[in-house]
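This briefing is meant for a reader who is meeting the structure for the first time.

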Amino acid sequence: MTDDFLNTIGDSFLGEMARGYFWMWPLLENLHFIGLSALMGGLLVVDLRVIGIGPPKHIPMKPALSLIPFVMIAFAINLITGIIFFCGDPFRYYYNLAFQWKIALIVLAGANALWFWFGEHAKLSALPEGADTPISAKVIAGISLSLWIGVIILGRLIPYLE
Amino acid sequence: MMEFFQWIEESGLGIYIREDPWGFAIALSAHSVGMSFALGVVMVATLRALNVLKQVPIVSHANLYTVAWVGFFINLISGLALYASHATEYSYQSVFIMKLFLIIVGGVLFKKMIDAAAADGDNASSTKLFAFLSLASWLGAIVTGRLMAYF
């Protein structure tokens, strides 16, 4: 059942495309690496500002929060390239322990981001300049950075946990 | 020269990273986290200077540079460990030599961008030029680093 599904994905247009050109895989890898750097760059500004530690605490809140769409674009680049990787070699990824944990952490990070967006974003935007951020927002931002660092590490470990 | 590279490769660090089942994987993981810190800050700062990210005041990025340095030192240390494990191979690998060159050029141009922003202003054409060239060099460093697995 699962294997039929994986076979279908592997034989799909995206799967054929990922394997069809010798330069396609390294091109996608490079985009994935650039995307992850952009994602982390934007997140560092947003999350360290919200936590209020390190040098980014001096950045005003609204400009810092305005980097969220940039983070979303970076995530979209990596979601698309990631889906193509998966289609190109579905059995390898599906049964890979590092990949499974990586996806679990991305889902958690997504839920955490929704919690931030619906629970904290309005409060933070309305915060007077110089005021301390609520503890709940700091916790969410700390979880966010930890999860994404975990995602990067697990992604890098995929070839080593086969 | 080759004897020197062999000596590095046979050092305790070189042997550990190469032969321990987790040595190379741990160093690579640290290297990708450090990359995301350093390159992330470089991207946000240079894209701001190029007016792609308009909202953030450029002076604020001075506050982020220490985060980029943290990433850089993680990668200097993990990079030296990775290099030690395959010194005889990497020393003659053209994409690796290009990568080192691009890191130095990207770093110098990034400093030039900061200096130009301070001297000529955030919107000066000199600031934008250095931002563009620095970003291009750093993206080139990512690409050549990734291509070490292929060439």
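A salt bridge is counted here when a side-chain nitrogen of Lys or Arg lies within 4 Å of a carboxyl oxygen of Asp or Glu. The model is a predicted one, and over all its chains it holds six salt bridges. One of them joins Arg49(A) to Glu129(A), whose closest N and O atoms are 3.9 Å apart.

**Salt bridges within a chain**

- The pair of Arg49(A) and Glu129(A) links distant parts of the chain, since Arg49(A) belongs to helix H3 of chain A while Glu129(A) sits in the loop between helices H8 and H9 of chain A, 80 residues apart.
- Arg49(A) is buried because its relative accessible area is 7%, whereas Glu129(A), at 58% relative accessibility, counts as exposed.
- Lys123(A) pairs with Glu120(A) in another salt bridge, with 3.3 Å between the closest N and O atoms; Lys123(A) is partly exposed at 42%, but Glu120(A) is buried at 4%.
- In chain B, the side chains of Lys111(B) and Asp115(B) form a salt bridge at 3.0 Å, N to O, and both residues lie in helix H6 of chain B, four residues apart, or about one turn of the helix.
- Both partners are partly exposed, with relative accessible areas of 48% for Lys111(B) and 38% for Asp115(B).

**The interface of chain A and chain B**

- In chain A, 31 residues are in contact with 31 residues of chain B, and the area buried between the two chains is about 2800 Å², with carbon and sulfur atoms giving 78% of that area.
- The rule finds one salt bridge across this interface, in which the side chains of Glu29(A) and Arg146(B) meet at 3.4 Å, N to O, and it also finds two residue pairs in polar contact.
- On the side of chain A that touches chain B, helices H3 and H9 of chain A each supply at least two residues, and H3(A) gives the most, with 15 residues.
- The residues on that side of chain A divide into 23 nonpolar, six polar and two charged.

**A buried threonine in chain A**

- Thr81(A) is found in helix H5 of chain A, residues 68–88, and counts as buried because its relative accessibility is 4%.
- The side chain of Thr81(A) makes a polar contact of 2.8 Å with the side chain of His32(A), and, leaving aside residues up to four places away in sequence, Thr81(A) touches Leu28(A), Leu31(A) and His32(A).

**Confidence in chain B**

- Chain B has a mean pLDDT of 93, and 97% of its residues reach 70 or more.

Definitions and conventions: Residues numbered from 1 in each chain as written. Chains lettered and ligands numbered in written order. Heavy atoms only, no water. Contact = heavy atoms within 4.5 Å. Buried area = accessible area lost by both parts, 1.4 Å probe. Polar contact = N/O pair within 3.5 Å; in protein donor to acceptor, adjacent residues only side chain to side chain. Nonpolar A, V, L, I, M, F, W, Y, C, P; charged D, E, K, R; others polar. pLDDT = per-residue confidence, 0-100. Buried < 20%, exposed > 50% of the residue type's maximum accessible area, 1.4 Å probe, protein only.
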